[in-house]
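The following paragraphs lead through a protein chain from single residues to the chain as a whole. Please keep the sequence and the model in view while reading.

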Amino acid sequence: MTDRIPTTCMRCAVGCGLRQQPADQGDGLETVRGDPAHPISQGLACRRGIRETADPAGERLTRPLVREDGELVSTTWERALERATEGLGTALAEGSDRVAVLGSGQLTTEAAYALGKLSRGGFGTWYYDANTTLCMASAVTAYYDAFGSDAPPPTDDDIPAAESHVVWGANPAVAHPVLFRWIRQSAAEDGSELIVVDPVYSETAAAADHHVPIEPGGDFALARAVLARVLETDGIDEAFVAEATTGFDDLCADLPDAADAAERAGVSTADIDRLAAALEDPTLLYWGMGINQSVNGTAAAGALIDLCLATGNLRPGSGPFSLTGQANSMGTRVCSSKGTWPGHRPLGDPDHRRVVAEVWGVPVSRLPDDPGPGPVGLVDAIGDEIDAVYAVATNPVAGMPDATHVCEQLADAFLVVQDSFRSETVEYADVVLPAATWGESEGTTISMDRTVSRVRAATEPPAMARTDLEIIGLLADRLVPSLFDVTLEPATVFEEFAALTAGTPADCSGLSYERLAADRAVRWPAPTADASAGYRYYDGADDTDATESWTFPTPSGRVRFSSGEARPPPEPTDDDYPLTLTTARRPNAYNTGVRTRAEGPPTAQISPATAAAFADALEQPVDEPTNDERRLAQLRSRRAAVTVRVESDPAIPDGVVWLPIHQPSVNALTTAAVDPRSKEPNFKQCAVRLEPPRDPAGESRLVGH
């Protein structure tokens, strides 16, 4: 029997350690278990991460494909690379921005770094982004606004010390089960509590001491209402605000009346009082996609950070903690040259651009000086400014908003797709490059709390699949032959990346594969071979006079309160579209579903009152036993109509339709409106209506209340 190979789970960004048992014969994994020796998870692992690592569903891509006479057909690697080089090269000959690149938080750090180097340094394209912008960009922008740098101040180690846990617009019971176990254990201690702010009575809310049922989109108003109440009740940490912050007086001058803001958020004043009281104790305030995926994502995330600053919750055991979904979203932010150069070097800073250009051996003029328009703007530019698209480990046809428009745009481009599984995006490709997946690749990943750990291969990829890093190198050799001096190997790529971060806010220069083999997991900044960071920005208290000190990488050296204002919803309900659609995660489902593809239409959950109001849209009431097919309906937005199976669920508020993000048809409904600062789409609220299922002639009848 072969040895079990230690690795890091690539399902979500908690970064649990796993041990993989390769199959005795052929490729694939025999078993996967939690790794008791891993310093972060200590043997814990969720069933979803284990199952999706060991035995993923979905159709594996095992051979290169090219489009011939309208059909995707198997071919050789040489022929596939020749076609990809021809299509991408023809576009590049017309200008560097004629090629767009879409990356992913599912790549190893090494592959993400190489893809960014190829995109920015090789192609020189402005049109480069990643699916991480679809989930984390608003939190990142708010962190920069406040602290002058990215990533949460707290780490997982701070969870046991917190006395109040406020989970806002997130469902870690489903999205991050191991992290949620730590939260529940801490909240169960005497004097501790868990409060959940969510329109839906989610799995996390069901486990909480108190649920605040906010109106969809009311997050900014609620956060400002709580801050106003904190101010009214003398809950401000005046010493911290005076010593370490800026902008507080201006913020206070614009605060609304707490009761008025609570009414706009759809919550009671008692809920405001409870949240304000919770912040008096050491509080970890967690948030997720319910905050970020909004036209007000940056403003709302900034308002949550403001709550922590005003109450002094910026010490170990407290603070603003954004919850990251994809396994290596943090690594992508640190290394991929998407929003910053490696190490969070500012993209527009001429000195940093010069350093990067020198290391990469490219003209500084080739490097863009701003991050580009975001994924939605990138798709919109296809046909006018973009001729070819290279998509790596991402599924924009299912994962981006207004998916019908995305399909139409990609159909007009020369499209190269690099992925492990056959996805909706593959069906639009001109060339498909089959990639290795978890358990078949070497590299590193970085968890949501900045922990770097190894990803290891326990088995070979099936058939003709190759690693992402290898494929990126093969394309680079043909399109930009001088970009990579040597054949890309994970260890050498990591060395180049780590060296380039020296002296930056995300310094990883003290890391190496040898150190990660010994220590298993190390948090950045790690500028030396024995450094591993904990809580950020807090320098501690002097033992003699208990004077505290902080260090913030802002021009003033102080942390900044936000000045964001709420924008109106991009698509309010009206008589024609009287319901609000929201989307979220289901347990045991993977991103756009490629590893856990469910058959049949997505299940739309609505409240009993909504089900009664729209009973005419269904062939039979949802609360009566019947054949599932008779509960089908059409859910229509201003962009598309989708067949759904309807279930009544009292956890859903009246007037809201809940759909899972993992079903590929769901984003045909959503709006492409984006946060003006972060460019993150407004996935969580759009106006819809329920209609009867289509009859055989394809007609449907509009149903009102």
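Leaving aside neighbours within four places in sequence, Asn292 is in contact (heavy atoms within 4.5 Å) with Cys135, Met136, Ser138, Ala139, Trp287, Gly297, Ala301 and Glu680. Asn292 belongs to helix α13, which covers residues 289–292; helices here are DSSP runs of H or I with at least four residues, strands are runs of E with at least two, and both are numbered from the N terminus. With a relative accessible area of 0%, Asn292 is buried. In this scheme, buried stands for under 20% relative accessible area, exposed for over 50%, and partly exposed for values in between, with a 1.4 Å probe and protein chains only.

The model is predicted, so local features need pLDDT of at least 70 and side-chain atom pairs count only at pLDDT 80 or more, whereas totals for chains, interfaces and linings use all residues. Residues are numbered from 1 along each chain as its sequence is written, and side-chain values use heavy atoms, with hydrogens and water left out.

Thr451 is buried, at 4% relative accessible area. Not counting residues up to four places away in sequence, Thr451 touches Ile40, Thr445, Ile446, Ala521, Val522 and Arg523. Thr451 and Met330 are 121 residues apart in sequence, and their C-alpha atoms are 9.2 Å apart in space.

Strands of a sheet pair through backbone hydrogen bonds, either parallel or antiparallel. Here three strands form an open sheet with antiparallel pairing, in the order β19-β20-β21; two strands are taken as paired if DSSP finds at least two bridges between them. The edges are held by β19 (443–446) and β21 (521–523), and because each has a single partner strand, one side of each is left without a neighbour in the sheet. On average, neighbouring strands of this sheet are turned by 30° against each other, direction ignored; the axes behind such angles are lines fitted to C-alpha atoms. Strand β19 and strand β20 (residues 451–455) run antiparallel and are joined by four bridges. Within this pairing, Thr444 stands opposite Arg454 in β20.

Which residue forms a salt bridge with Arg523? The partner is Asp157, with the closest N and O atoms 2.9 Å apart. A salt bridge is defined as a side-chain nitrogen of Lys or Arg within 4 Å of a carboxyl oxygen of Asp or Glu. Arg523 lies in strand β21 and Asp157 in the loop between α4 (137–147) and β8 (164–168), so this pair ties together parts that are 366 residues apart in sequence. Arg523 is buried, with a relative accessible area of 9%, whereas Asp157 is exposed, at 55%.

Side chains of opposite charge can pair when their charged atoms come close. By the rule given above, the count comes to 30 salt bridges. Among them is the pair of Asp35 and Arg19, whose closest N and O atoms are 3.1 Å apart. Since Asp35 lies in the loop between β3 (29–34) and α1 (47–54) and Arg19 in strand β2 (residues 17–22), the pair ties together parts that are 16 residues apart in sequence. Asp35 is buried, with a relative accessible area of 0%, while Arg19 is partly exposed at 25%.

Another salt bridge joins the side chains of Glu82 and Arg79, at 2.7 Å from N to O. These two residues are three residues apart in helix α2 (residues 77–93), so about one helical turn separates them. Glu82 is partly exposed, at 43% relative accessibility, and Arg79 is also partly exposed, at 29%. Elsewhere, Glu571, Asp574, Arg638 and Arg639 are linked in a network of salt bridges.

Along the principal axes, the C-alpha atoms fill a box of roughly 80 × 70 × 55 Å. Buried residues make up 61% of the 705 residues. Among contacts between residues at least 6 apart in sequence, 74% join residues at least 24 apart.

How values were computed. Axes are lines fitted to C-alpha atoms, for helices over the stretch in contact, and angles run from 0 to 180 degrees between N-to-C directions.
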